[in-house]
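The sequence and structure are shown below.

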Amino acid sequence: MSRRWAQVGTRTRGSVLAVGALALAAVMAGPGTALAVPPPPPNPSDSELEAGRAEANDRADEVGRLTSRLADAESRLTTLRNEVERKMEEANKARVDLQRARSAADSAEQAAEEANAEAETASGAIRGMRENLDRFVAGSYRQGSTVGSLSAYLGAESPKDLLSREQLLGAVSGSEMDVLENMRRAQVEKSNKDAAAREALEEARAKRTAAGEARVAAEEAQQTAIDARQAQAARTETLESERGEVEEQLREARSNVSGLEGQRDAYEQWQAEKEAEEAAQAQAAAQAAASSAGSSGSSAPAPAPAPSSSSAPAGATVEAVVQRAMSQLGVQYAWGGGNASGPTYGIRDGGVADAHGDYAKIGFDCSGLMIYAFAGVQALPHYSGYQYDSGRKVPLSQMQRGDMIFWGNAGIHHVALYLGNGQMIEAPQSGGHVQVVPVRYGDILPYATRLIG
């Protein structure tokens, strides 16, 4: 027993004094006195502690480097994703333009056909009227009479012809000899309309061809962007895997340091308790000696037990917040939805949300989910930008379970609840649902907001 304590004593400060005091107490207490304090726990050396801390710092630095690389990869992935969406919109525009061009071509073709038919009809009518006029005038001059004489009527072959001649005579008598010219002008106008219709048809056909080419180009660009995004996603997955491995190593290193430091704390506490026990034994021995000599006295009070640490209420509150959020897993996204009581109908936005029918869905948007999660802690406004300023800012590197994290360095546009171990819960976007996903570092703000602790 004394050899073991002597070995331990060489590894820590104050152990020689402790061993001497223990020996003195044993002598004064007399034979058969038992020690209340158990044998000493392990006591890691200072060099072991320093080595553990250095390893943990190295792992933390490596996690930081990988996190930076992952953030860069996710940023590029986001850029590619935006490019894909833009290309998809260009493809949609090309399809709309193509449909409009086809409709314009169809309308132009129909207009051209109608114009041709009208021109043919007008031409036939003009020819007939000219022939009638020529016969009428020739007959009138052959009779030696002026236009409008009775002989002009006598050549009529039928009542209908007579009526036509009467109408023509009325026009001529009214100094409207330009009727034929007007008819010819109408024919020219019809021809011009026919030419314009043909020109419009050619233009519509050209637009149809151009729209088709634009659609092909947009589809090719879209596929290129998709391929690039898939390659970038594979790279991101590799980085995430590497980061996960290093984070596990970091946890182990920190656990090792924590274990060593815990052992050191336990040993120092044991040492203090041992010294207190030895002092109490020495006092008891002195009192026993005085009592045997006829002196009376009271025994020393037992040392007060070390206060036990109680669980922090903040931790329980954090878990309550997390559990409220987790209870909504799978609830659909609804823009503008969610309050302190749970999911609500979404609202109209005149755009994307309306296209997904959010106004007819019961669910959460990102800030609405935070309102529900923190309802028992603090009333939050239904805007992520205001939620960012609702609590204490902590660097992202120090974020803890229950902190809110935000995105949008050019203007906050999203918020989620950090769960720890690189995971978060969020209501993502229209068409999605409440889900647990790895933290995305692209465009993430450098500070988290802490409402608890």
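In this predicted model, Asp-389 is exposed, at 55% relative accessibility. Its salt-bridge partner is Lys-393, with the closest N and O atoms 3.2 Å apart. Lys-393 itself is partly exposed, with a relative accessible area of 31%.

| Salt bridge | N to O distance |
|---|---|
| Asp-389 and Lys-393 | 3.2 Å |
| Glu-202 and Arg-205 | 3.4 Å |
| Lys-207 and Glu-203 | 3.8 Å |

Glu-202 and Arg-205 lie three residues apart in helix α6 (residues 179-292), so about one helical turn separates them. Lys-207 and Glu-203 are four residues apart in helix α6, again a separation of about one helical turn. Glu-202 is partly exposed at 47% relative accessible area, and Arg-205 is partly exposed at 38%. Lys-207 is partly exposed at 45% relative accessibility, and for Glu-203 the value is 45%, also partly exposed.

Asp-365 is buried and has no salt bridge; Lys-361, the nearest side chain of opposite charge, is 13 Å away. Asp-365 sits in the loop between β2 (362-363) and α9 (366-373). A polar atom of the Asp-365 side chain lies 2.7 Å from the backbone nitrogen of Gly-368. Leaving aside residues up to four places away in sequence, Asp-365 touches several residues, among them Tyr-333, Trp-335, His-382 and Ala-427.

The protein as a whole has 10 helices and eight strands. Of its 453 residues, 34% count as buried. Its accessible surface comes to about 26300 Å², and carbon and sulfur atoms account for 53% of that surface.

Conventions
Residues numbered from 1 in each chain as written. Predicted model: local features only at pLDDT ≥ 70, side-chain atom pairs only at ≥ 80, totals over all residues. Heavy atoms only, no water. Helix = DSSP H or I, 4+ residues; strand = E, 2+ residues; numbered from the N terminus. Buried < 20%, exposed > 50% of the residue type's maximum accessible area, 1.4 Å probe, protein only. Lys, Arg positive; Asp, Glu negative; His and termini not counted. Salt bridge = Lys/Arg side-chain N within 4 Å of Asp/Glu carboxyl O. Polar contact = N/O pair within 3.5 Å; in protein donor to acceptor, adjacent residues only side chain to side chain. Contact = heavy atoms within 4.5 Å. Areas by Shrake-Rupley, 256 points an atom, 1.4 Å probe, with all protein chains shown as cover.
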